[in-house]
Amino acid sequence: MLIGELSRRTGVNTHQLRYYEAQGLLQPERGANGYREYDEGAVLRVRQIRHLLGAGLSSEDIAYLLPCAVGEAPELLGCPELLAAMRSRLRRLDDQLDRLARSREALADYIDAAERTGAESYPPLTGPARIPSPV
């Protein structure tokens with residue numbers, strides 16, 4: 001089927017389908033005329049992509065997950081690609097959480113020290129040195 005037919009059958013516009021191809025999520029064949037040609041499996045693949053995007057995953061994450069996806073919802077099997085990618089993402093998140101916890105602790109220490117010192121011994125902050133208040 002051509003890209004217009006895939007768009008009609010999935011409800012995904014052709015621009016998005018081309019984006020999925022650019023991200024390596026769809027691999028159409030090219031006809032002699034240069035047109036993209038999709039097999040029947042592309043309909044399921046696009047539906048899987050849409051579900052995974054709806055779950056908040058990036059196209060990069062989805063590229064790792066698709067080889068392990070079964071069914072439209074999709075169900076993800078514990079294949080090596082999936083497990084390695086998810087373990088790597090978990091390590092990155094843990095690293096980010098550790099950095100944030102250290103930053104939070106340092107900021108709390110500065111606040112505690114400033115409160116112990118007392119505001120009466122320092123002139124008020126004015127101009128560009130003032131710390132903006134949260135909005």
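Predicted model: local features only at pLDDT ≥ 70, side-chain atom pairs only at ≥ 80, totals over all residues.

Guide: Residues are numbered from 1 along each chain as its sequence is written, and side-chain values use heavy atoms, with hydrogens and water left out.

Visitor: Why is S59 called buried?

Guide: Buried means under 20% relative accessible area, exposed over 50%, partly exposed in between (1.4 Å probe, protein chains only). S59 has 12% relative accessibility, so S59 counts as buried.

Visitor: What makes the pairing of S59 and Y19 a polar contact?

Guide: The rule asks for a pair of N or O atoms within 3.5 Å; within protein, one must be able to donate a hydrogen and the other to accept it, and residues adjacent in sequence count only if both atoms are side-chain atoms. The side chains of S59 and Y19 are joined at 3.4 Å, and those of S59 and Q23 at 3.2 Å, so both distances fall within the cut-off.

Visitor: Which helix holds S59?

Guide: Helix 4, residues 59–65. Helices (H or I, at least four residues) and strands (E, at least two) are DSSP runs, numbered from the N terminus. The protein chain has five helices and four strands, in the order α-α-β-β-α-α-β-β-α.

Visitor: How much of the protein chain is buried?

Guide: Of its 135 residues, 23% are buried.
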